[in-house]
Amino acid sequence: MRPEILFPLFAPAASLKGIGPKIAPLVERAAGPLVRDLAFLCPQGVIERKRITVQAAQDGLVQTLVVRIDAHLPPSRRGAPWRIRTLDETGFLFLTWFKGGGPHLETQHPPGAARAVSGKLERFGIEAQIAHPDYLLDAGRLDDIPLIEAVYGTTAGLPSRTLRRLALEALIKTPDLAEWQDPAWLARKGWLGWRAALERLHDPKTVADMDIAAPQRQRLAYDELLAHQLAMAQRKAARRREAAPIIPASPVSDALQAALPFRLTGAQNRSLSEIRGDLLVGERMSRLVQGDVGSGKTVVAMLAMADVAASGGQSALMAPTEILARQHFETLSAPLAAQGLSVMLLTGRDKGAGRAEKLRALASGAVDILVGTHALFQDDVVYARLDLAVIDEQHRFGVAERRRLQDKGASVHLLAMSATPIPRTLELTQYGELDVSRIDEKPPGRTPVATRAVPLPRIGEIVQRLKTVVASGAQAFWICPLVAESELMDLAAAEARAADLRQHMGPRVGLVHGQMPPAEKDAVMQAFTEGKVSVLVATTVVEVGVNVPNASIMVIEQAERFGLAQLHQLRGRVGRGVRESSCVLLYDPPLSKTGEARLDILRKSDDGFEIAERDLALRGGGDPLGLKQSGFPAYRFADPIAHKDLISAAADDARLILARDPGLNSPRGQAVRVLCEIFDWQAALGLTDAG
Ligand code: ADP
Ligand code: MG
């Protein structure tokens with residue numbers, strides 16, 4: 001139940017003065033449907049409206065003046081502006097209307113009247129002018145024109161000043177609430193109370209108030225982060241209360257491990273014991289294993305699945321594509337079968353009687369481990385006893401899909417795997433309700449991929465070299481990015497590149513792209529895997545995780561357009577076999593300073609975690625990482641870079657609060673509940689739910 005004190009905040013925005021049916025949809029697009037959303041609408045900058053005389057006014061700045069109306073100068077011909085000549089003791093100021101002028105102005109502002117006017121002033125020779133003043137008020141209302149005015153984003157087609165007025169209107173409805181932050185922490189930070197902070201946000205007193213590091217902005221960011229961390233911690237706790245099968249480490253798994261042709265790395269061992277720790281306690285596991293492509297996540301999952309099989313349960317390993325599922329099936333079948341475990345593959349290709357037979361085997365419990373694609377959770381797929389769901393490339397699946405697989409058993413442990421290492425701070429925000437294991441060490445014997453940045457005009461050299469190595473039996477990926485507005489144009493570019501390469505090196509050049517039917521795509525990928533295709537030209541659809549050990553060259557066109565994590569992942573597709581491997585980052589010169597620095601990070605590091613941290617550090621505010629698309633929560637106040645330290649503090653704070661007062665019943669707990677309500681992470685849960 002929402003406390004009554006919050007009702008005004010959760011009233012529809014349309015209940016505010018000045019929001020009629022015409023602008024209501026625009027307000028909803030700009031801010032959201034509620035009064036709260038307007039109060040929480042973050043300004044993007046400030047305008048200073050310095051008070052000045054005509055003589056001292058500067059060209060090109062927004063300024064405020066007190067003037068007397070001298071004369072109206074109606075248009076001399078059609079299309080000419082309406083002008084008002086005004087003056088103060090130091091000179092004339094012309095106010096100009098190109099649109100919307102007319103005799104009504106004369107009625108409102110008769111000659112002799114004293115007016116306060118504010119807007120962008122321009123000088124033409126000796127003449128000073130403000131076209132379409134932002135404010136033109138009775139001089140007595142000078143103080144209604146702010147010295148510093150918050151500016152709001154106008155993407156929804158509402159002028160900034162309308163949004164400002166509505167935000168201030170919403171602020172009036174905003175109640176003062178009991179403090180939920182720890183008083184000592186507030187004092188140490190020198191932060192304002194919550195309502196005062198909001199007030200300062202919309203009504204800044206100095207230009208510095210708008211800074212992302214300004215105390216009130218930090219305070220609000222911290223509130224938001226704490227609410228989010230609390231929501232995630234509460235859900236984690238709820239999950240832990242769900243009983244799930246206890247699965248001990250098994251001799252079968254040990255034998256499987258002993259039979260591997262290699263020893264696990266330290267990081268693999270650590271992840272495996274973390275998983276085993278989870279599986280022992282009788283609570284439902286939700287663990288994410290993060291590790292670079294090639295870091296050996298699959299083996300770890302395999303050993304956990306063997307434990308599950310030994311305790312009488314089934315596991316499902318779900319991959320985003322047919323070809324990945326097939327590869328997993330091929331690597332897993334032999335070692336698992338050697339331990340007497342049965343592995344089966346189920347994909348969209350299974351049809352009719354063959355599929356029915358497989359489903360019977362699954363339902364009877366004859367299958368220990370089922371590997372496949374989306375086929376694994378279709379309605380008629382019934383498991384005898386599904387205890388563990390392993391999701392490879394977890395970000396390629398929607399929340400609903402992951403859940404559908406988990407719903408195939410009474411209480412199914414979840415093991416998600418991701419080849420996109422993300423920085424610690426983002427880990428807390430993106431995966432706060434999961435437990436995370438990191439495989440931050442590569443299996444031994446890998447030679448790092450030699451990485452070079454080459455300007456596009458030197459593409460000829462690259463093609464020549466490629467021709468030589470391909471002639472000696474090597475294989476290469478050639479990535480053409482999705483950059484144009486239309487996918488068709490990108491496709492044309494990729495087709496042209498493939499044709500061009502064919503001219504130089506013959507017909508063994510294949511092409512895959514996003515618009516191909518899946519079966520056709522799989523066929524080309526398969527031909528490449530089997531070595532029938534030497535050079536694979538691809539838009540970025542090349543599947544993360546596809547294992548083609550003979551591929552030793554990765555060429556990426558327009559590398560400057562990719563995120564570093566993505567470049568690193570692409571590069572991870574080579575360097576898996578015995579050949580020396582190389583990665584060529586073709587860029588369109590000239591590179592910006594940051595662009596140069598970014599490619600440099602990639603040349604110097606081969607560690608996905610390090611690359612992710614540095615990439616994050618290089619970026620400014622906003623969302624240049626595309627975080628919002630990649631599952632990063634849509635924060636209103638918090639910024640992953642500027643408020644990095646606040647993120648970890650909020651995570652600690654949330655843990656502490658819940659440890660001391662799990663039911664949130666103490667006075668502070670009550671206040672904290674209100675905080676959680678205000679930010680409403682409960683309602684948004686599905687969107688950020690990584691589990
Ligand atoms: P990921 O799924 O993390 O990209 P994989 O599990 O596919 O990586 O492993 C990549 C390759 O490395 C596989 O061929 C696997 O057999 C091999 N491998 C995994 N762990 C080790 C290890 N500890 N030592 C040597 N090779 C390993
Ligand atoms: Mg993998």
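Which atom of ligand 1 is 2.8 Å from an N or O atom in the side chain of glutamine 268?

Modeller: The model is predicted. It is a nitrogen atom of ligand 1 that is 2.8 Å from an N or O atom in the glutamine 268 side chain. Glutamine 268 belongs to a set of 16 residues around ligand 1, of which Arg263, Gln268, Gly294, Lys297 and Arg446 come nearest. At glycine 294 the backbone is involved: one of its N or O atoms lies 2.6 Å from an oxygen atom of the ligand. Threonine 298 places a polar side-chain atom 2.9 Å from an oxygen atom of ligand 1.

I turn next to helix H18, residues 564–571. Its axis and that of helix H20, residues 608–618, come within 9 Å and cross at roughly 160 degrees. Since angles over 145 degrees count as roughly antiparallel, H18 and H20 are therefore roughly antiparallel to each other. Their crossing is right-handed. On the H18 side the contact is made by Leu564, His568 and Arg571, and on the H20 side by Gly608, Ile611 and Asp615. By class, these comprise two nonpolar, two polar and two charged residues.

H18 also packs with helix H19, residues 593–604, at an angle of about 35 degrees and with the axes 11 Å apart. This crossing, too, is right-handed. Here Leu564, Leu567, His568 and Arg571 of H18 meet Arg598, Leu599, Ile601 and Leu602 of H19. The contact of H18 with H19 has five nonpolar, one polar and two charged residues.

Terms used
Residues numbered from 1 in each chain as written. Chains lettered and ligands numbered in written order. Predicted model: local features only at pLDDT ≥ 70, side-chain atom pairs only at ≥ 80, totals over all residues. Heavy atoms only, no water. Axes fitted to C-alpha atoms, helices over the stretch in contact; angles between N-to-C directions. Helix = DSSP H or I, 4+ residues; strand = E, 2+ residues; numbered from the N terminus. Parallel < 35°, antiparallel > 145°, perpendicular 65-115°, else oblique. Left-handed = near helix turned anticlockwise from the far one by under 90°. Contact = heavy atoms within 4.5 Å. Nonpolar A, V, L, I, M, F, W, Y, C, P; charged D, E, K, R; others polar. Near = heavy atom within 4 Å. Polar contact = N/O pair within 3.5 Å; in protein donor to acceptor, adjacent residues only side chain to side chain.
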